[in-house]
Amino acid sequence: MGLCIYLNGKFYASRDKALISVYDHGFLYGDGVFEGIRVYNSRIFKLKEHIKRLYQSAISILLTIPIPAEKMEKLVIDTCRRSGLKDIYVRLVVSRGMGDLGLDPRKCPSPTIVIMADKISLYPPEKYLNGIKVISSAIRRNRPDCINSQIKSLNYLNNILAKIETFRYGADEAIMLNDEGYVSEATADNIFILKNSNKLYTPPAYLGILEGITRYCVIDLAKKMDYTVIEEPFTLHDIYTAEECFLTGTGAELIPVIEIDERLIGAGKPGKHFKRLLAAYQKLTQTEGVKI
Ligand code: PMP
């Protein structure tokens, strides 16, 4: 109880029993795709959306997932149920599978499927209350014409390098710019800024961001709450002069940003619009989703 891992047809109740080969190309080359999904109060939030994105990522890298999406949904539900948990972070991974020591994916006959129903804690609770400090990273986000940012692949080195940079500055997170110098996203989260009391800006997908599922939820909620949502490119200056700023992602959920590159954002504490949106988001997560 308290954890369940599905691996290629079997369920395991402990971390050290669910093991994969060192010849797995997910391990050797980051060749694979994944999703992070949350379960709130025994409801899987946006399950269909996550499964859809997983299969789309797989199509893009020519990885044929050997089971249909409906079966994958059922497996996720089953893994969650077996974990005995009510609030869960699910990590769903499909790698190219076991091959030889060369790159050639044709030598990997069967993809590895892993579903982990566990817990995740990206920031301590006080950061959610008081906000985080971020830096702008010198590491540019991958160009979408090289590695398309819609592919949620197992290769996160670009983002990890930016994350490492934050530690040098004692910050919590890094904001990555695209190759033209426009704000793209954080290392594993999307970014929003608020200006003129009701205008919510977030970078458009074509700048090379992952189109986060949480991002869409927030856009949707904000529109219903009469905010004007604007998806257009903006620069660091716009964050420096924003009234509020926050990040969104399945793992981090909604987290306020109070400082960037040593400039306070607004009053330097979580803003009232953030709090309104957070309340609406939390309500949604508690009421929506597939029952486990
Ligand atoms: N950007 C990146 C690079 C991510 O890895 C993620 C997922 N953690 C997000 C944004 C947020 O996406 P979602 O809201 O779908 O979790």
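The model is predicted: local features need pLDDT of at least 70, side-chain atom pairs count only at pLDDT 80 or more, and totals for chains, interfaces and linings use all residues. Residues are numbered from 1 along each chain as its sequence is written, and side-chain values use heavy atoms, with hydrogens and water left out.

**Ligand shell**
- The ligand has 17 residues around it, and Tyr156, Glu185, Ile213, Thr214 and Thr250 come nearest. A residue is near if one of its heavy atoms lies within 4 Å.
- The shell holds four nonpolar, eight polar and five charged residues. Asp, Glu, Lys and Arg count as charged; Ala, Val, Leu, Ile, Met, Phe, Trp, Tyr, Cys and Pro as nonpolar; the others, Gly among them, as polar.

**Polar contacts** (N or O pairs within 3.5 Å)
- A side-chain N or O atom of glutamate 185 is 2.6 Å from a ligand nitrogen.
- A polar backbone atom of alanine 188 is 2.9 Å from a ligand nitrogen.
- A ligand oxygen lies 2.6 Å from a polar side-chain atom of threonine 250.
- On its own the ligand has 390 Å² of accessible area, and the protein covers 95% of that. Areas use the Shrake-Rupley method with a 1.4 Å probe.

**Sheet**
- Seven strands form an open sheet with antiparallel pairing, in the order β2-β1-β6-β5-β3-β4-β16. Strands are DSSP E runs of at least two residues, and two pair if DSSP finds at least two bridges between them.
- Its edge strands are β2 (10-12) and β16 (290-291).
- β3 (residues 32-40) and β5 (residues 88-95) pair over eight bridges.
- Phenylalanine 34 has valine 93 in β5 as its bridge partner.

Methods. A polar contact is a pair of N or O atoms within 3.5 Å; within protein, one must be able to donate a hydrogen and the other to accept it, and residues adjacent in sequence count only if both atoms are side-chain atoms. Helices (H or I, at least four residues) and strands (E, at least two) are DSSP runs, numbered from the N terminus.
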